[in-house]
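I am opening a notebook page for this structure.

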Amino acid sequence: MIYRPLCISIFIFLTLPSLCQSVGPPSIKKSQRSVQPIIVAVIDTGMDLEHRDLKNWIFKNSKECGLNEKGEDLSQNGIDDDQNGYIDDCHGWNFADNNNDLQDVNGHGTHIAGIIIRQFLSIVSQKKNLGQRPIRLLPIRYFSGKEENTNVETTVLALKYAIQMGAEVINYSSGGYSQSARERSILQSAHSKGVWIVAAAGNHGMNIDLQGFYPAAYGYTNIISVGALDANHQLIPESNYGKHRVDVAAPGLEIVSTLPNDQYGTMSGTSQATAFVTGSIATHASRKSLSLPKPSLQSARQMLAILGQRNYQLFGKTAFSIEIKDNAARMTTSQDHYSIKENN
Ligand SMILES: [Ca+2]
Ligand SMILES: [Ca+2]
């Protein structure tokens with residue numbers, strides 16, 4: 001079984017639109033410094049940790065980042081300082097190469113990260129009672145970039161690591177059409193620990209009630225599976241659907257977001273839709289001292305009803321007929337662009 005990032009097309013802008021002017025370092029008051037951030041794991045192709053719109057929001061493992069009393073860099077001392085089984089995992093882990101190199105040579109993970117951050121920040125900036133807990137992205141690379149039968153195994157390890165590091169929400173914009181007992185097991189573990197997983201429904205225009213796409217279609221109540229919408233709030237033809245196994249839908253056509261090397265560009269598909277839902281769910285825990293509800297069918301329905309809006313065009317194609325909207329103003333741009341890749 002092969003899991004690979006769910007990408008329909010990528011365009012990179014040659015010039016940089018000012019996408020996230022509102023994005024800047026958090027102004028956290030002294031009294032709020034002890035507030036635990038909301039850790040959102042992004043299991044994907046890596047992440048551009050230095051991108052101007054992402055760098056302030058990257059997770060730091062306090063025991064593996066910075067200098068020790070001898071002045072040694074904890075992230076490069078070759079020692080597993082926090083004894084979690086991973087050497088020098090300052091920001092996350094790369095399970096494709098089994099090291100701490102989170103560089104995103106594909107671009108997919110960086111694009112997903114930008115959508116999550118933009119959605120989170122745009123929502124909390126509009127509501128006074130939100131944003132008291134800051135967000136931190138935990139990049140975890142599962143994708144080797146090769147058509148090998150290893151991506152499910154790296155996914156299982158990535159899910160386990162995300163839970164171990166305290167993620168409250170996990171974005172998984174990937175999947176495949178076969179099940180895995182080991183994946184089921186780790187997802188059940190996530191459920192018992194109250195961790196929510198937002199998973200892409202897949203990009204083959206299929207009914208995944210009939211032909212399951214996993215992990216979206218496992219049916220656990222902590223998995224929110226997401227279809228992709230166009231600007232008219234209809235599922236794009238490529239989006240998988242299913243009134244039992246797809247929960248909600250979100251924008252997924254020509255979404256502008258961050259790309260490696262401080263660039264921006266568009267991508268389309270259920271991957272992007274998934275990231276909007278992840279960003280919205282993270283806001284649900286952003287009040288001080290709050291955490292996400294314990295996963296159940298009822299709590300999922302209630303949370304998504306608060307975060308989204310009813311969309312009757314989704315009736316019969318999703319479980320909840322709810323749409324999560326892009327909260328930021330949709331960018332329009334006339335920049336020249338060129339296609340670097342088309343797949344799926
Ligand atoms: Ca470690
Ligand atoms: Ca170390």
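My entries on the sheet, its pairings and its cover follow.

Conventions. I am working with a predicted model, in which local features need pLDDT of at least 70, side-chain atom pairs count only at pLDDT 80 or more, and totals for chains, interfaces and linings use all residues. Residues are numbered from 1 along each chain as its sequence is written, and chains are lettered from A and ligands numbered from 1 in the order in which they are written.

Sheet. I took helices (H or I, at least four residues) and strands (E, at least two) as DSSP runs, numbered from the N terminus. I counted two strands as paired if DSSP finds at least two bridges between them. I found an open, mixed sheet of 9 strands, ordered 3-4-2-5-6-7-8-12-11. Its edges are strand 3 (93–94) and strand 11 (309–310), each pairing on one side only.

Pairings. I looked up strand 5 (residues 169–172) and strand 6 (residues 196–200), which run parallel and are joined by 4 bridges. There, Val169 stands opposite Trp196 of strand 6. Strand 6 also pairs with strand 7 in the parallel sense, over 4 bridges, and Val198 stands opposite Ile224 in strand 7. On to strand 8 (residues 248–251): strand 7 pairs with it in the parallel sense over 4 bridges, with Ala250 as the bridge partner of Ala228.

Cover. I called a residue buried if 20 or more other C-beta atoms, placed from the backbone, lie within 10 Å of its own. Which residues cover the two sides of strand 7? I list Ile223, Ser225, Gly227 and Leu229 on one side and Ile224, Val226 and Ala228 on the other, all buried. For strand 7 (residues 223–229), that is 7 of its 7 residues.

Notes
A residue is buried if 20 or more other C-beta atoms lie within 10 Å of its own, exposed if 12 or fewer, and partly exposed in between; C-beta atoms are placed from the backbone.
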